[in-house]
Amino acid sequence: MDSDGTRDARGTHANPVPRPAGPPDVPATPPRPARAPGMPPLPDGSDFLAWVRAPRPEAAPGVWQFGYRQRPDEEPEQIPARQLLSGAVIAFLVGWLIWSLLWNGYLGGWWFLPVDAMIPDSWAAPNSYGRLVVGYAWYVIVALVIMISVGRLGRWGEVWRRYGPPAWRRAAPVNERPPAPEEDPAQWNQLRAAGAADAADRLAAEARSGLMRDVDHARIARAWQGVRSGRHSLATFTGAVLKDGSAACLHPSGARDLPGRHALHDLVTGQVRLGTTADDARNPYAYRGTGIALGPDLLGTSLLAVGPPGSGKTGGIVWPLAESLCLHALAGRAAVVVVGAAGAGLGAADAYDVVVRIGNPESVYDLDLYGGTTDPDEAAAVLAEALVGDLADPHPGGDSRRSTTVLAQLLGPFRAVHGRFPSVPELRQLLDGSPGPLGALRKALEDSGKESLLRELDARERQLGHPGDVGSVLADRVALLDRPAFAGFFDTSGQSRPFSLRALDHPVRVRIDLPARGHADASRILARLVLAQFTASVAVREDRSLFACLVLDDATGVVTPEAVRGIQRLRSGNAGAVLTLRTLDDAPRTLRTPLLGAIGCRMALSGLTPWDGQDFAEVWGKEWIEARDVTDRQIIAETPAGKALHMVRRVITGHAPTARAVTVRQVERERWSASELAHGVPPGHAVLSLTSVRGEHAPPLLVDLRG
């Protein structure tokens, strides 16, 4: 047998045939290889086709829809297997005993009297054929009555459903047949219906050959939505698909996937799986054992996760969500900004388009201190929130408003003179009231004849040194950013590459590393700055079809009155925020209830303190449940037949005959009490409640984050 599978004409080893003499063989030209040497074989598209064709039925909020099978709302009562099987066997033996007693005449012939009463006299002879037929028919009827009676008593129907062929059919793997071409999502029928059959054929071919990935599918589907909405033309879309196939409409970075994945993602539904709902009596039966997943429809109401260090906030929640949002950004669906301490495990730098390492001299990008705005009043409001937002009263008109006015009195004149906003050292000098910078600014304004801005500067100079002036407080906070470690950052002269959150109109992936070590106060200021710029930028976006999300790992010191109001406004702008806290004590006491009320998805991880649990218990409220009080009273038989029947019933069921009295009451109780949240959540678990942007709710669920 040759290497190509054909049999050699010279024979086999068992029956060799001598080769005739002749000219030597001329070696044949080897065939051209299908691919370059060392290249792996082309992938098979079966996995992708199975993924894209998998059922994704409608489900309750938070349920992992990939391959989901719906469960009933109420848990069916199930008898223990040992009791069920023993009862079935004992019932069979009892039926056999009764039939044997009847057949052998130990119970007399009374049970055959109906036959004797019904047959005519002509059939009365013992050997009559009619009597034999009727008699055996009567035997069958009596046997069926006995079998049905003991079968109902022994629950043979339940045994059949649980261990018979119906259970085998449920347990056997179902071979899914390929859907019909008109229903196959891999055929891109929506493109065919719009007249782009050539593009649909190209995409279907690449899907079958294994050249298409889930990100490609989601990205092209997003581009097709742009065609349907009128943002792109059909000719442009079709040309790109015919030219590049599944690599069409690429992300500006050119990437088609992340360097690696940590969690399970389904880009058809946009979900990322975080864990599995525990099989616990406190969870609704419909949720038990199902996967728990989050997507933009839930993150649009924002998420707050509270748990001590080591409870799994970063590795189990923050990074899977950030990874999912980065995949959405590659598909052109989302823009994500991830903020955390340097080295916090928020993914590799290759997974992001922009990485801002504040305080690291090797950082390629800088952070725009003023958020890319050219309006002095807007820049002053955002900067005041970052500098002294944690000092403001939880009511409009607090210190934040006064700080905004002070900053606006300086930023407006400075920009009018220099065409830019001041750098951190320049802003610190202006807030300190140094005569030199203020005098130079005044002279430049006088030379340019800007009288209105001169009045702003005069008002600032009159307030200098007066009791209650917030300029000194602002100067002290700016001094935290005016450190040698930040000397090359927050540049406003145009010599660096500052990143501005105005870029949220594009599917950008951004990671901002905060200098937590040795600069904790500066890190909190910068975190507040990013959150304030994010909420301000989301409100003025032109394209709100792009979901924008801010992922803030460790929001200590970030929760301010204005931040809570900004989070409330994110839902209307198709945006959301993910915040984590070690404890609710990291937020002001007066803002804990408003924060929990402004956020739709709340998560309490294991190890929570009882006082933190009390806040969650209050926001989750109470529910009405049915309390059943059951009283069993044993029935005492008076007659020998009754005692025998009770004995048989006790052998079959395992319980003495009783009369049960059930009292049902409606009582109100907490969904999760503070004590249960503090001591009843196992390690690696969390209690999660969800609210979607459509207003759908999921009750607090005990979730295994390791599943």
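Student: How many disulfides does the count come to?

Tutor: The count comes to zero disulfides. Keep in mind that this is a predicted model.

Student: What about C601?

Tutor: C601 is in no disulfide either. The nearest cysteine sulfur, again that of C549, lies 11 Å away.

Student: Why is C326 called buried?

Tutor: The word buried applies under 20% relative accessible area. C326 has 0% relative accessibility, so C326 counts as buried.

Student: What makes C601 buried?

Tutor: C601 has a relative accessible area of 1%. The cut-off is under 20%, therefore C601 is buried too.

Student: Which side chains meet in a salt bridge with a distance of 3.1 Å, N to O?

Tutor: Those of R428 and D482. The pair links distant parts of the chain, 54 residues apart: R428 is in helix α15, and D482 is in the loop between α18 and β8.

Student: Why is the contact between R428 and D482 called a salt bridge?

Tutor: A side-chain nitrogen of Lys or Arg has to be within 4 Å of a carboxyl oxygen of Asp or Glu. For R428 and D482 the N to O value is 3.1 Å, so the pair qualifies. The structure holds 32 salt bridges.

Student: Are R428 and D482 buried, partly exposed or exposed?

Tutor: R428 counts as partly exposed at 29% relative accessibility, and D482 counts as partly exposed at 23%. Partly exposed covers what falls between buried, under 20%, and exposed, over 50%, so both residues belong there.

Student: What makes D447 and K443 a salt bridge?

Tutor: Their closest N and O atoms are 3.2 Å apart. The limit is 4 Å, so the pair counts. D447 and K443 both lie in helix α16, four residues apart, which is about one turn of the helix.

Student: Why are D447 and K443 called exposed?

Tutor: Exposed means over 50% relative accessible area. D447 has 57%, so D447 is exposed. K443 has 51%, so K443 is exposed as well.

Student: Which residue meets E562 in a salt bridge?

Tutor: R569 does, at 3.3 Å, N to O. E562 is partly exposed, with a relative accessible area of 32%, and R569 is partly exposed, with 47%. Elsewhere, salt bridges that share partners join E158, R161 and R162 into one network.

Student: How many cavities of 30 Å³ or more does the structure hold?

Tutor: The structure holds three.

Student: Which helices each supply at least two residues of the lining of the largest cavity?

Tutor: α13 and α19 do. Among the residues lining the largest cavity are Y370, E378, R502 and Q533. By class, this lining has four nonpolar, four polar and two charged residues.

Student: Which helix gives the most to the lining of the second largest cavity?

Tutor: α2 does, with three residues. α4 and α23 each supply at least two residues of that lining. The lining includes Q83, L153, R155 and I652. By class, three of its residues are nonpolar, four polar and one charged.

Terms used. Residues numbered from 1 in each chain as written. Predicted model: local features only at pLDDT ≥ 70, side-chain atom pairs only at ≥ 80, totals over all residues. Heavy atoms only, no water. Disulfide = S-S within 2.5 Å. Buried < 20%, exposed > 50% of the residue type's maximum accessible area, 1.4 Å probe, protein only. 1 Å grid on protein atoms, 1.4 Å probe; cavity = no way out; pocket = protein on both sides within 12 Å on 5 of 7 lines; lining within 4 Å. Points joined across faces, edges and corners; volume = space filled by probe spheres on them. Nonpolar A, V, L, I, M, F, W, Y, C, P; charged D, E, K, R; others polar.
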